Amino acid sequence: PFLSNTKNELYVEGKKVNALPQMSKGQIYVPLSFVAEGMGDSYSVDKTGNIGTVKQGKKNIVFKLNNLNVTVDGKKEYLHVKKTKWATAPTGFKVKKYGKELYVPIETLEQVLDYEFETKKSKSNFTVYVGESDVVENPTKPTKPTTDTEENPFVPNKWKQSPTGQY
C-alpha cells in the first residue's frame, strides 16, 4: 500500500501535474500516464486499466499491473534494477495501481523510458521533477522594452550624453 502524502508534488517539463507521487516501502512511485503524456509521448490503457502502453516514436513499452517486467518492442526487460560494480539485478518493485492510475518506481523513468528526473526532499515531503526542472509559474505578460525617449535609471549619465552610447 502507498503512504499517501498530499504535500508531495510532481512537475513534468516544468509544469505542475495534478497527480501526486506516492511512497511505498521507501520507494517513490509516479503516475505513468501523467509523466508519459507530459513528456510528449502517447499513453493508452486497456479496458481493465491494468495494462498501460507508452509509445515513444516507433517504440512500444507495455506495463502490466503487479509485474516485475515491462515489454519493450516485444522483448522483456526489468521494470526496475539495482546496478552495482559487479552485477545488475531486479529489485522486486512492481507496477502498482493507485485509484485508476498505474504507478511505476521513479527509476523506471530513467532506466526504461529515458526520462531524466530529480527529487527534492524536505522533512517528510518530496517533490519530483521529470524532464525540464525549471518550474514554469503562471506566465506574466512581457514588459515593453524601453525606447530611446524614455529615461533609463540604470544607464550612467556619461552614456546618456553620448550620441552613440559608447562613452
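Strands here are DSSP E runs of at least two residues, numbered from the N terminus. A quick word on the ground rules: this is a predicted model, where local features need pLDDT of at least 70, side-chain atom pairs count only at pLDDT 80 or more, and totals for chains, interfaces and linings use all residues. Residues are numbered from 1 along each chain as its sequence is written, and side-chain values use heavy atoms, with hydrogens and water left out.

Back to our pair. Three bridges join strand 12 to strand 13, residues 101–105, and the two run antiparallel. For pairing, DSSP has to find at least two bridges between two strands. So what is the order of the strands in the open sheet? There are four of them, in the order 3-4-13-12, with antiparallel pairing. Strand 3 (22–24) and strand 12 (96–98) stand at the edges with a single partner strand each, so one side of each has no neighbour in the sheet. On average, neighbouring strands of this sheet are turned by 40° against each other, direction ignored; the axes behind that angle are lines fitted to C-alpha atoms.

Now to the loop between strand 3 and strand 4 (27–31), where you'll find K25. Its phi is positive, near 50°, in a residue other than glycine. Is K25 buried or exposed? K25 is exposed, with a relative accessible area of 74%. The cut-offs are under 20% for buried, over 50% for exposed, and partly exposed in between, using a 1.4 Å probe and protein chains only.

D73 also has a positive phi, about 50°, although it is not a glycine. D73 sits in the loop between strand 8 (69–72) and strand 9 (75–78), and at 46% relative accessibility it counts as partly exposed.

Next, a hairpin. Strand 14 (residues 117–122) and strand 15 (residues 125–130) pair in the antiparallel sense over six bridges. Within that pairing, E118 has Y129 of strand 15 as its bridge partner. Two residues lie between the strands, and K123 in this hairpin takes a positive phi near 55°.

Last stop: N8, in the segment before strand 1 (9–12). N8 is buried, at 2% relative accessible area. Its side chain reaches the backbone nitrogen of F126 at 3.1 Å. Leaving out residues up to four places away in sequence, N8 touches L20, P21, S124, N125 and F126, where contact means heavy atoms within 4.5 Å. Thanks, all!

Terms used:
Helices (H or I, at least four residues) and strands (E, at least two) are DSSP runs, numbered from the N terminus. Axes are lines fitted to C-alpha atoms, for helices over the stretch in contact, and angles run from 0 to 180 degrees between N-to-C directions. A polar contact is a pair of N or O atoms within 3.5 Å; within protein, one must be able to donate a hydrogen and the other to accept it, and residues adjacent in sequence count only if both atoms are side-chain atoms.
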